[in-house]
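Okay, thanks for coming, everyone.

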Amino acid sequence: MTATTVGGLVPRMREICGAANVITDPLELRTYECDGLTSHRSVPALVVLPGAADEVAAVVAECARAGVPFVARGSGTGLSGGALPTQDGVLIVMTRMRKILEIDPVSRRAVVEPGVTNLSVSKAAAPFGLFYAPDPSSQVICSVGGNVAENSGGAHCLKNGFTVHHVTGLEIVTPAGELTWLGDGTGVTTGYDLVGAFTGSEGTLGIVTKIVVKLMPIPETVHTLLAAYSTTSDGGRAVSDIIGAGILPAAIEMMDALSIEAAEAAVRCNYPEGAGAVLIVELDGPTSEVETELATVRAIAEAAGATEIRAADDPAERAVIWAGRKSAFAAVGRISPAFIVQDGVVPRTSLGAVLAKIATMSEQSGIRVANVFHAGDGNLHPLVLYDDASPEQTTAAEELSGAILDTCLEHGGSITGEHGVGVDKSRYMPRMFSADDLDTMQLVRCAFDPASLCNPGKVFPTPRLCGEVPGHRREPHPAVAAGLAEIF
Ligand SMILES: Cc1cc2nc3c(=O)[nH]c(=O)nc-3n(C[C@H](O)[C@H](O)[C@H](O)COP(=O)(O)OP(=O)(O)OC[C@H]3O[C@@H](n4cnc5c(N)ncnc54)[C@H](O)[C@@H]3O)c2cc1C
């Protein structure tokens, strides 16, 4: 497919979206060349900003007819290159579709357009005593459509679950350009759970145009406790003991010395001086329950060797405790010219061993690593710091970043917890899944998108089926050979 072909779509795209919402100027197109993962860049041939679901459907139908690839983009905060455009394709930007269509306090649900930012759902629900639980740290800016595509998590997903646990219905545009609904908004599934299949599919199965989400009651009481430790293993022991005591906090987060240093430089969060690790534990729920749990958590934190403990129930004081953690990714920019935000998962019981291995690999490679993590669910975010002016350091940082994922896999973990595979981690997929596993996943993709036009080149390392590289696979897929599936 050539850019000329895409150019042929421009008049029709202007009719559909309005001329002001179709971008062809090369300089303006460059604004969209990457997402939050700036190491991958590709300028799209055309950008369109539809304002309604039927416009999205018409845009996709035009692409399908012309055989032009297309990619959906929300706010562009993704950290795995999921919204990376294709040079010969159309980038469909959803940010004009940002209406909150309905807040229903009785059935505790909201219906929103995909460009609505995550935090604005909670803001709109607050007057009804409700909130939207998934809370990625990027929630001020990231879109709910992007959250659905990435199945985003956040600090409070330990207790409340991920996006998939809060979405009950999706209006989507299929890759053929048809508008349809998955799920009926009740959260009760009969037949295949297509909402579940779609959530976390990273924009490869279609484009979300409306989302029905659950709302939860705002907890009566919230207490945030900060405990400082000399080492991350002391903090890790506290995490295991808290969970072992049968307490499920809303959040358990940990930061190591280097990430504390960065946060201090960026937001002056005033964490205890000289701490080797900081643990943040948040408890929420009915007042009597939270107060009982707080006493237990405080005792466990002390027994694990906390050098200082602070607790806050006032929203302003709690915000001060959270400021350092929430700023951590951006903050490392204060102590390093460049950094890679890694995202891997390990069983909680392996946290200590994996952190020790990361420290050893960091020392051997001479590349610093700052660790910030959702300790409660074993989701690590090692921040690999390097100087991008040095090709040697850049290579060493990339190697170390990959070796960290290998370590996660060796401990029975995963190559991503919440940032997705995108373009960045597709090469690691064969380390986690067999070729047959990957082909089976692609059969799902083929069922939605037989022409492979919807966000091509993402998630899978080697496109084998439904025509991305026709005839690439030499052996017939086992499911095809068994007569259980067919390749279109
Ligand atoms: C500072 C920072 C902190 C972050 N913290 C977290 C965190 O705590 N937890 C977490 O999970 N993530 C986090 N992220 C990653 C990112 O914010 C999430 O992945 C987020 O859900 C992306 O939303 P977006 O609107 O920016 O999507 P984009 O980056 O625009 O797109 C992401 C993917 O979604 C697809 N997509 C977008 N809109 C649609 C749509 N309407 N229909 C179908 N597909 C669509 C795109 O094709 C792409 O594959 C963080 C990022 C940053 C920069």
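I'll take a helix, then a serine in a loop.

Quick housekeeping: this is a predicted model, so to speak, with local features needing pLDDT of at least 70, side-chain atom pairs counting only at pLDDT 80 or more, and totals for chains, interfaces and linings using all residues. Residues are numbered from 1 along each chain as its sequence is written, and side-chain values use heavy atoms, with hydrogens and water left out.

Start with helix 2, residues 10–17; helices here are DSSP runs of H or I, at least four residues, strands are E runs of at least two, and both are numbered from the N terminus. Val10, Met13, Ile16 and Cys17 are buried there, buried being under 20% relative accessible area and exposed over 50%, with partly exposed in between (1.4 Å probe, protein chains only). Why do they end up on the same side of helix 2? They cover an arc of only 120° around the axis, taking the directions from the helix axis to the C-beta atoms. On the face turned away from that buried side you'll find Pro11 and Glu15, both exposed. After helix 2 comes Gly18, with a positive phi near 95°.

Now, Ser336. Look in the loop between helix 13 (328–331) and strand 16 (338–341). Ser336 is buried, at 6% relative accessible area. A polar atom of the Ser336 side chain lies 2.7 Å from the backbone oxygen of Ala338, and for the backbone oxygen of Tyr386 the distance is 3.3 Å. Setting aside neighbours within four places in sequence, Ser336 is in contact (heavy atoms within 4.5 Å) with Arg368, Leu385 and Tyr386.

Methods. A polar contact is a pair of N or O atoms within 3.5 Å; within protein, one must be able to donate a hydrogen and the other to accept it, and residues adjacent in sequence count only if both atoms are side-chain atoms.
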